[in-house]
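Welcome! Here is a short briefing to read alongside the structure. Take a look at it first, and then we can go through it topic by topic.

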Protein chains: 2
Amino acid sequence: MKKKDKVILMDHGSGGYRSEQLIRGHILPALGNPLLDRLGDGAVFDLPVIDGHGTRLAFTTDSYVVDPIFFPGGSIGSLSVNGTVNDLAMCGAKPLYLSSAFIIEEGFPVSDLDLIISDMAKAAERANIKIVTGDTKVVAKGAADKIFITTSGIGVISGTPFCGQCMEPGDKIIISGTIADHGIAILATRANMELPASISSDTAPLCHLVEKMIKSRAEIRLLRDPTRGGLATILNEIAENAGTSIRVDEEAIPVRKEVSALCSLLGIDPLYVANEGKLVAVVAAKDAEKLVALMRNHEMGQNVSVIGEVSQPGLSKVIMKTRIGGERIIPMLTGEQLPRIC
Amino acid sequence: MKKKDKVILMDHGSGGYRSEQLIRGHILPALGNPLLDRLGDGAVFDLPVIDGHGTRLAFTTDSYVVDPIFFPGGSIGSLSVNGTVNDLAMCGAKPLYLSSAFIIEEGFPVSDLDLIISDMAKAAERANIKIVTGDTKVVAKGAADKIFITTSGIGVISGTPFCGQCMEPGDKIIISGTIADHGIAILATRANMELPASISSDTAPLCHLVEKMIKSRAEIRLLRDPTRGGLATILNEIAENAGTSIRVDEEAIPVRKEVSALCSLLGIDPLYVANEGKLVAVVAAKDAEKLVALMRNHEMGQNVSVIGEVSQPGLSKVIMKTRIGGERIIPMLTGEQLPRIC
């Protein structure tokens, strides 16, 4: 295929391998700069110094195109606030302000818009942030599917920054709770399955949990939220950025029984399914136990688990000890498993 | 029509009367707060004081859904950078950082994406800002029309803030150049008209002009960019917010001859057509002449014109002295004249 014949595939929006190809092959060469090149959940920068004092901020954006727009546990409204709040929290920032831009299809019910906005208001209150600016565009029927919401967020970073570069063999990898809840709730809703009440999106703000983690003064190397592409993709990104392998233990990864059963039924690996209220932390081994205890006492960390550790430098692989005692390499997501999951 | 049967109309995205109804009737009641309620081009706030020093920021967002995505004078790429840069400039801020979130339709040509990104890079360089964070979502063919881009921006405000509340009778109203260029370029392209080279979008960054205006220390009451809804809508918003009437002189409003001719042909009033590189300034009468001279010497202000003045408090109307010597009230845009103009 000639270069000029290339088209965007669903896969380019997966958050996995092809997304990265698009970003590294097309976006960074034109728009790259030291802040963008880091490809974090948000950009972190110091404001120009005024009167000798700078301020460190985090800035992030995400478009939400989730389908269906209402699902067990949330809606595109709560998701669009929590998702951006969480991206700020992953930068170690206290979220302050959000913007919200709507693209709405002509004919969309105003009552549905009201429900979505009400969910945004509730999520904003829960995260203790304010939506301070916005935009609304309407496109003709058929030019967009129902509603898309893009939120951007600003947060302030104080205290010691995380140090991804300080990662070393033996550092522990922690997940704050069960995986795959969000993606499976969306997928099951799409399939019109009758769901037990326990299957529901985990969309929620992580900022309060992160604030507590930072205050503990544990040596946190980095935080990431395993959204699109799931836990497997985030672990691969961490391994790649750090230039070290990561070993995880399948048995230690918390998955709800019902979610696990649905994954089997649908032929989907929960490691690749999106989460919207979970975080992955890499922390110094000496602080892991203390941090886990603290997280378990927080409503957002009740099912926290140490799932593995940083292994040898050199190879950037994610290796999983399976339940039956074998080992397998967990690759980054290739192909779009679950389009429009967030 | 019962409330629950109401649907979103194209008109709700016009930037005019119905847009305001949607915002005031549905968005502000749920999400309102002192910053959002101001409904400016962006939110302006002080960061929490750290070590006794605060920093004043502007924060803004806009979704771009322009159709066609390439047009004389620009593309959705340059528009999405310039538009957000200009919203920051209208807050009196020096734009610093932008985020960029893409929603792309499956099957979109990667070569077109490259052109768009290249336009964004050029626009970013011209405005002297950096795009520091982003997101890419892909939706199935038919779930979005080609590509939508949402940019958000952060800028720093230093020096004396504008004082919209200080507006008083006699203050001059200035437009930085010819109106209706952007909207007419889009519309004529859609109609497949053969265009003279002089018909082209005015999409451009206003930040350097604004910086010069602020440095002049002229008493600027406020700046606004007349995008969706055009000059007429912005003048109405200014009159409404200030609680005073505004008088403008039709003859003083600069419109290119070719643009004016096309407006007549298409049956469109240029006062309601979108601009993407023009600003409206309300300034103290004593400083108007000095400011106009300064603006005329800047590439973005060559056709600057004093188009009217602030009149009596009380009535919030925009009154135009017509070319033939009569007077008419210029209402806010009602109905969607030009969908997907930006």
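How much area do chain B and chain A bury between them? They bury about 6,800 Å², with 71% of it on carbon and sulfur atoms; buried area here is the accessible area (1.4 Å probe) that two parts lose on being put together, summed over both. This is a predicted model, in which local features need pLDDT of at least 70 and side-chain atom pairs count only at pLDDT 80 or more, while totals for chains, interfaces and linings use all residues. Residues are numbered from 1 along each chain as its sequence is written, chains are lettered from A and ligands numbered from 1 in the order in which they are written, and side-chain values use heavy atoms, leaving out hydrogens and water.

**How the two chains are related**

**Where the chains meet**

- The contact (heavy atoms within 4.5 Å) takes 80 residues from chain B and 80 residues from chain A.
- The copies meet through the same surface, because 100% of the interface residues of chain B are also interface residues in chain A.
- Across the interface of chain B and chain A there are 22 residue pairs in polar contact, both residues being at pLDDT 80 or more; a polar contact is a pair of N or O atoms within 3.5 Å, where within protein one must be able to donate a hydrogen and the other to accept it, and residues adjacent in sequence count only if both atoms are side-chain atoms.
- Elements giving two or more residues to the side of chain B that touches chain A include α1 (17–31), β5 (94–105), α4 (110–127) and β7 (147–156) of chain B; helices (H or I, at least four residues) and strands (E, at least two) are DSSP runs, numbered from the N terminus.

**Salt bridges**

- The structure holds 46 salt bridges over all chains, each a side-chain nitrogen of Lys or Arg within 4 Å of a carboxyl oxygen of Asp or Glu.
- Four salt bridges are found across the interface of chain B and chain A.
- R228(B) and D135(A) form a salt bridge at 2.7 Å, N to O.
- This pair joins two chains, because R228(B) lies in the loop between β9 (220–224) and α7 (230–242) of chain B and D135(A) in strand β6 (residues 130–139) of chain A.
- Both R228(B) and D135(A) are buried (under 20% relative accessible area, with exposed meaning over 50% and partly exposed in between; 1.4 Å probe, protein chains only).
- D135(B) and R228(A) also meet in a salt bridge, at 2.8 Å from N to O.
- D135(B) is buried, and so is R228(A).
- K146(B) pairs with D145(B) in a salt bridge of 3.3 Å, N to O, and K146(B) counts as partly exposed at 25% relative accessibility.

**A buried residue in chain B**

- I246(B) sits in strand β10 (residues 244–249) of chain B and is buried, with a relative accessible area of 0%.
- Leaving aside neighbours within four places in sequence, I246(B) is in contact with residues including I173(B), L235(B), I238(B) and V318(B).
- I246(B) and L235(B) are eleven residues apart in sequence and 7.5 Å apart in space, C-alpha to C-alpha.
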